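Dear colleague,

I am pleased to hand over the structure below, together with a short account of what was found in it. Please keep it open while reading.

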Amino acid sequence: MKIRVEKQENKKVVLNEDELGFGKIFTDKMLEMDYDPDKGWHDARIVEYHPLSLNPDCMVFHYAQEIFEGLKAYRCDDKSINLFRIDLNGKRFYNSAVRMAIPPIEVEDFIDCVKAYVKQAEDWIPYRFGNSLYLRPFIIATDNGLGVHASKTYKFVIIASPSSSYFASGLNPVDIYVEEKDIRSAPGLTGFAKCGGNYAISIKAGEEAKKEGYAQVLWLDGIEHKYVEEVGSMNIFFMIDHELYTAACTGTVLPGITRQSILDICEEKGIKVHVGKLSISDIMKAGEEGRLNEVFGCGTAAVISPVGKLTYEANSVIINQHRTGPFSDELFRTLTSIQWGKMEDPYGWITKI
Ligand SMILES: *Cc1c(COP(=O)(O)O)cnc(C)c1O
């Protein structure tokens with residue numbers, strides 16, 4: 001695929017790696033590609049970071065026809081650059097597009113765009129272990145007019161943010177509130193798609209939990225409000241009686257690449273994982289009886305986020321004395337070592353740029 005690179009004045013990039021934050025500062029480049037029914041996806045180009053000019057009646061503002069991805073470019077000690085399981089981001093982006101009636105971008109083209117972008121933005125990739133360049137590819141519907149139908153035109157964009165690690169001061173267990181009323185997903189809806197709409201409907205519960213001192217909410221299934229599904233922007237694993245559990249990705253749960261990697265690591269090591277329904281009442285009971293060994297969220301941004309406390313219907317359980325458990329810690333080390341190239345990648349997950 002052809003990607004045009006617009007000549008840009010070569011500015012020296014100076015990153016203050018102590019103060020990056022997450023998703024706050026952006027590189028001076030963006031990739032754009034347009035879609036129309038005649039040309040299909042066309043004119044991929046890397047240009048200077050700039051505001052998008054859209055009419056107020058642009059479809060994405062009203063009907064939220066939009067999808068996104070989240071992945072990182074990692075800097076290794078030898079200065080080379082790693083991407084992690086980028087084929088899975090490409091496949092998920094494709095599946096999200098299909099669900100939202102957006103013309104999908106071929107996986108190979110998505111990969112080409114990400115690689116070309118990272119090459120151009122190379123100077124923006126931090127050097128410190130844990131810090132990374134967070135990439136945000138997305139597609140928006142760009143038709144004008146308020147009629148409800150699939151847009152005929154779209155824009156694909158990649159922007160990127162040099163970001164700090166979530167774990168600069170070590171893995172700190174977070175407190176999680178189990179949401180009882182609101183749901184984020186149900187069979188037939190968009191739980192498996194990475195779309196802004198899934199976040200729009202979950203912000204309220206998240207904000208209420210934050211007010212009470214919780215980091216995020218844990219979502220239950222949308223039908224019975226009984227079975228655990230995932231956390232705000234992470235999948236979640238439970239260890240009860242030293243056995244692992246996580247929800248199945250059968251449409252209502254976002255198929256996280258970190259989750260899949262944990263399942264693959266467990267399979268390779270011969271660790272059994274129960275993938276399926278697990279009720280919140282069984283989890284709380286295990287917690288009260290001292291059988292809930294570890295709980296951790298997982299996602300690209302935080303990698304592994306241990307859970308120290310779970311609150312459900314006015315009952316709370318503390319997990320592993322609110323400390324990071326040995327299994328969470330080991331997984332964290334394995335994943336980050338592969339991602340930042342500190343360990344040989346036995347799985348073929350790394351793409352070098
Ligand atoms: C992106 C995301 C995840 C985590 O997926 P990764 O590929 O591991 O980063 C989990 N849940 C939701 C709702 C997400 O949007």
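The axes of helix 6 (residues 257-269) and helix 8 come within 11 Å of each other and cross at roughly 105°. Axes here are lines fitted to C-alpha atoms, for helices over the stretch in contact, and angles run from 0 to 180 degrees between N-to-C directions. Helix 6 and helix 8 are therefore roughly perpendicular to each other (angles under 35 degrees count as roughly parallel, over 145 as roughly antiparallel, 65 to 115 as roughly perpendicular and the rest as oblique). On the side of helix 6 the contact is made by T258, S261, I262, I265, C266 and K269, and on the side of helix 8 by F327, E330, L331, T334 and L335. Contact means heavy atoms within 4.5 Å. Helices (H or I, at least four residues) and strands (E, at least two) are DSSP runs, numbered from the N terminus.

Please note that this is a predicted model, in which local features need pLDDT of at least 70 and side-chain atom pairs count only at pLDDT 80 or more, while totals for chains, interfaces and linings use all residues. Residues are numbered from 1 along each chain as its sequence is written, and side-chain values use heavy atoms, with hydrogens and water left out.

Helix 2 (residues 86-99) and helix 3 (residues 107-120) have axes that come within 9 Å and cross at roughly 125°. Helix 2 and helix 3 are therefore oblique to each other. Helix 2 passes helix 3 in a right-handed crossing (a crossing is left-handed if the near helix is turned anticlockwise from the far one by less than a right angle, and right-handed if clockwise). From helix 2, the residues I86, D87, N89, G90, K91, F93 and Y94 meet V107, F110, I111 and V114 in helix 3.

Next come the aromatic rings. Rings of Phe, Tyr and Trp (its six-membered ring) pair if their centres lie within 6.5 Å; planes under 30 degrees apart count as stacked, over 60 as edge-to-face and the rest as tilted. By this rule there are 16 aromatic pairs. One of them joins F22 and Y134 edge-to-face, at 4.9 Å centre to centre with 65° between the planes. F22 lies in the loop between strand 1 (3-5) and strand 2 (29-36), and Y134 in strand 7 (residues 132-141), so this pair ties together parts that are 112 residues apart in sequence. F22 counts as partly exposed at 33% relative accessibility, whereas Y134 is buried, with a relative accessible area of 10%. Buried means under 20% relative accessible area, exposed over 50%, and partly exposed in between (1.4 Å probe, protein chains only).

Y74 and W340 also form an edge-to-face pair, 4.7 Å centre to centre and with 80° between the planes. Y74 is in strand 5 (residues 71-75) and W340 in the loop between helix 8 (326-339) and strand 18 (350-352), 266 residues apart. Both Y74 and W340 are buried.

Which residues does Q339 contact, leaving aside its neighbours within four places in sequence? They are Y74, N82, F84, V303 and I350. Q339 is in helix 8 and is buried, with a relative accessible area of 4%.

I319, found in the loop between strand 17 (315-318) and helix 8, is buried with a relative accessible area of 1%. Beyond its neighbours within four places in sequence, I319 is in contact with L292, N293, E294, V295, V307, G308, K309 and L310. The C-alpha atoms of I319 and V307 are 7.1 Å apart in space, and the two are twelve residues apart in sequence.

Finally, two backbone angles deserve mention. A64 is a residue other than glycine with a positive phi, near 55°, and its place is in the loop between helix 1 (59-63) and strand 4 (66-68). H225 is not a glycine either, and has a positive phi of about 55°; H225 lies in the loop between strand 10 (216-220) and strand 11 (228-231). A64 is partly exposed at 36% relative accessible area, and H225 is partly exposed at 29%.

Yours sincerely
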